[in-house]
Amino acid sequence: MTADLVVIGAGPAGLAGAVAAARQGLDVAVVDSAAQMGGQFYRQPASGLGARRPRALHHQWRTWERLRDASAVSAVRFLPGHHVWAVERDSDGFAVHALVGDEQREPVVVRSAAVLLATGGYERVFPFPGWTLPGVVTAGGAQAMLKGGLVVPGRRAVVAGTGPLLLPVATGLAAAGVDVAALVEAAGARDVVRHGRSLAAKLPEGAGYAVRLLRHRVRLLGRHAVVRAHGEDRLTGVTVAALGADGRVRQGTERRLACDTLAVGHGMLPHTDLAQTLGCRLDGSTVAVDDEQRTDVPGVWAAGESTGIGGSALALAEGHLAGLSAAARLKGTDPDPARWTPAAKARTRLRKVAAALDAAYPPPEHWSEPVADDTLVCRCEEVTAGAVREAVDRLGAGDLRTVKLLTRAGMGWCQGRVCEPAVAGLAGCEPTPSRRPFARPVPLGVLARQHDTAPRRGTP
């Protein structure tokens, strides 16, 4: 299959980019691992579930409807169930390699003149004793279960961590009938007020969540953190404690909350695997782009959370600009200022809001101090916090790569996506994005078939 532009990711950024480019006459294909458009933010329940009011699960339903309808009108081709594992440049442009099918063993290749990376982000969770118990899920995971499966993870929940994602998760679970015992937020009111001017545009949305929390009698514990999860075969409760001004646990403030579900998250990180494989420059942990959302690799654009965590509105603006730029540049012209300027102004404004949110909800300091040595950090390889500390303190590891070699932390199925921030924090190292040849596990048979067309010895 071929297209002028392949968009990887069918979330807000990807769909906005696809629509903008298609309206300018490009043949656009959108590939995504999910069965439906929308990404995590606009995740939809499967049609077989017969959801009568799916809009009740979203607070931007009209935006989604406009985006979905525009995709259909613009003749954007959507390729669902495509799990992209690599993107290659060649003399003809780009080859997007994906796996399809229930077992993800059937390879397909989509070729294009240009690529828009709208790969989104993933959650960061710092470990604590008991975090591997059944019943402990990520905040986004709980939201995905509700939006995509119309199910809740338990009857009584605690939502904990830090960041604006916790608000819709807590209110969504409460509206679905879950008894939300508390919303435990590491940031405090002062952290938010300090950036109040920059966050003024978010106040109505925040106030709406506050009203819903009050309506459902959800306690908000600011400047608190979960320090331990309890249970044998599954979660039965958590211990929460107040945090001091320095971010450390205040001794004597611990209290136990009964629950069968803990939805926890400590912010988001950008997906950059495909960008790194292509050789795109990173700016810290994000894909570096110019004013047109172009990376430093010709023919590759990036938009949305991969260029910096900023929410759906910013992703829509960036995706729109990337689509306009890709359409113009492939035609050898400049983007039309009439279509460009409003989105560019929105992007500037929304990036300031995103920066303020980052400052108001920083990763909790000193989170690693209460983590006992026997706490699992890398689930895939069963590496404990004690093993990471030993690699640094006794074996002399001074960077993440050495810790990985000494402990195997990060060598499992997730390739460090879950454990790397925790390993870095425990080791006192800066996270360093690692360049991998593949963005996801690939069967050896698929790799072998990539070269089946090469002539063999003794054949004409």
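Me: In which strand is the place of Ser-112?
Reply: The model is predicted; local features need pLDDT of at least 70, side-chain atom pairs count only at pLDDT 80 or more, and totals for chains, interfaces and linings use all residues. Residues are numbered from 1 along each chain as its sequence is written, and side-chain values use heavy atoms, with hydrogens and water left out. Helices (H or I, at least four residues) and strands (E, at least two) are DSSP runs numbered from the N terminus. Ser-112 lies within residues 106-117, which form strand E6.

Me: Is Ser-112 buried or exposed?
Reply: Buried means under 20% relative accessible area, exposed over 50%, and partly exposed in between (1.4 Å probe, protein chains only). Ser-112 has 4% relative accessibility, so Ser-112 counts as buried.

Me: Which backbone oxygen does the side chain of Ser-112 reach?
Reply: Contact means heavy atoms within 4.5 Å. Leaving aside neighbours within four places in sequence, Ser-112 is in contact with residues including Leu-5, Val-6 and Phe-94. At 2.8 Å, the side chain of Ser-112 reaches the backbone oxygen of Ala-114.

Me: How many residues lie between E12 and E13 in their hairpin?
Reply: Two strands pair if DSSP finds at least two bridges between them. Strand E12 (residues 224-231) and strand E13 (residues 235-242) pair in the antiparallel sense over 7 bridges, and His-224 stands opposite Ala-242 in E13. The number of residues between the two strands of this hairpin is 3.

Me: How many Å apart are the end C-alpha atoms of helix H6?
Reply: The expected span of a helix is 1.5 Å times one less than its number of residues. Helix H6 (residues 203-215) has 13 residues and should therefore span 18 Å. The computed distance between its end C-alpha atoms agrees, at 18 Å.

Conventions
Polar contact = N/O pair within 3.5 Å; in protein donor to acceptor, adjacent residues only side chain to side chain.
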